[in-house]
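Hi everyone, thanks for coming. I'd like to walk you through a structure, strand by strand and ring by ring. Please have a look at it before I go on.

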Amino acid sequence: MSGVLSIIGTDFGGGSSFSPTLKSYPTNGTYTETIPTGATNVIIELFGMSAIGQHGQIVVGSQGGGGGSGGYSRSSYTVAALGGSGKTFTITLGAAGTSTNSTITAGTVTGFTGMTSPYGSPGTAGTNANDGTGGAAGAIGTGGNVTNTTGNPGNPGGGLSGGGDGSGG
């Protein structure tokens with residue numbers, strides 16, 4: 001998966017017929033998300049791009065290392081604190097294999113702290129002499145008002161037993 005953003009609007013109030021929504025963006029690109037009418041709370045999760053693993057050398061049995069996963073940030077806001085329904089966020093998700101962080105910035109919302117989740121690094125290729133190493137974890141996410149964490153490193157190549165695993169974000 002290339003990256004995910006989830007915005008959940010929920011009505012904890014009473015009387016509203018609002019139905020909670022979940023939006024996920026599994027591919028890279030730039031998107032605009034609008035806070036739906038009737039929402040009272042918004043939860044935003046941003047995952048940095050996980051990197052790709054690398055190949056090994058079939059002739060000698062070496063395996064490539066797995067890619068590291070990106071950083072993570074999570075925020076929670078009341079809709080009133082963001083300026084109300086109808087306000088927007090701009091979401092930019094990096095592409096796998098690139099050095100592009102995933103970000104969320106204020107479109108028309110107010111009182112929002114921008115979020116960044118760094119990308120993970122790719123694993124290295126196996127060579128005639130050695131298995132590849134796992135890619136580095138993405139750096140710690142920033143801007144989340146609930147949590148900001150690093151990604152996970154990729155696993156090293158596994159000799160004759162198989163290639164390195166990519167890590168979960």
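**Strands and rings**

Let's start with a facing pair: Glu 45 sits opposite Arg 74, a residue of strand 5. Keep in mind as we go that this is a predicted model.

That pair belongs to a bigger pattern. Strand 4, residues 41–47, and strand 5, residues 72–78, are antiparallel and pair over seven bridges. Strand 5 also pairs with strand 9, residues 147–149, in an antiparallel way, with three bridges. And here Arg 74 comes back: its bridge partner in strand 9 is Thr 147. In case pairing is new to you, strands of a sheet pair through backbone hydrogen bonds, either parallel or antiparallel.

In what order do the four strands of the open sheet come? The order is 3-6-7-8, with antiparallel pairing.

Let's look at strand 3 in more detail. Six bridges connect strand 3 with strand 6, residues 88–93, and the two are antiparallel. One example is Tyr 31, whose bridge partner in strand 6 is Ile 91. Strand 3, residues 29–34, also holds Glu 33. Is Glu 33 buried or exposed? Its relative accessibility is 6%, so Glu 33 counts as buried, the cut-off being under 20%. The side chain of Glu 33 makes a polar contact of 2.3 Å with the side chain of Tyr 25.

Tyr 25 brings us to the rings. How many aromatic pairs does a search of the whole structure find? There are four. In one of them, the ring centres of Tyr 25 and Tyr 31 are 4.5 Å apart and the planes are at 40°, so this pair is tilted. Tyr 25 is buried, at 11% relative accessibility, whereas Tyr 31 is partly exposed, at 24%.

Another tilted pair is Tyr 77 with Phe 112, at 5.5 Å centre to centre and 50° between the planes. Tyr 77 is in strand 5, while Phe 112 is in the loop between strand 7 and strand 8, so this pair ties together parts 35 residues apart in sequence. Tyr 77 is buried at 9% relative accessibility, and Phe 112 is buried at 13%. Finally, ring pairs join Tyr 77, Phe 89 and Phe 112 into a cluster.

Definitions and conventions: Residues are numbered from 1 along each chain as its sequence is written. This is a predicted model: local features need pLDDT of at least 70, side-chain atom pairs count only at pLDDT 80 or more; totals for chains, interfaces and linings use all residues. Side-chain values use heavy atoms; hydrogens and water are left out. Buried means under 20% relative accessible area, exposed over 50%, partly exposed in between (1.4 Å probe, protein chains only). A polar contact is a pair of N or O atoms within 3.5 Å; within protein, one must be able to donate a hydrogen and the other to accept it, and residues adjacent in sequence count only if both atoms are side-chain atoms. Two strands pair if DSSP finds at least two bridges between them. Rings of Phe, Tyr and Trp (its six-membered ring) pair if their centres lie within 6.5 Å; planes under 30 degrees apart count as stacked, over 60 as edge-to-face and the rest as tilted.
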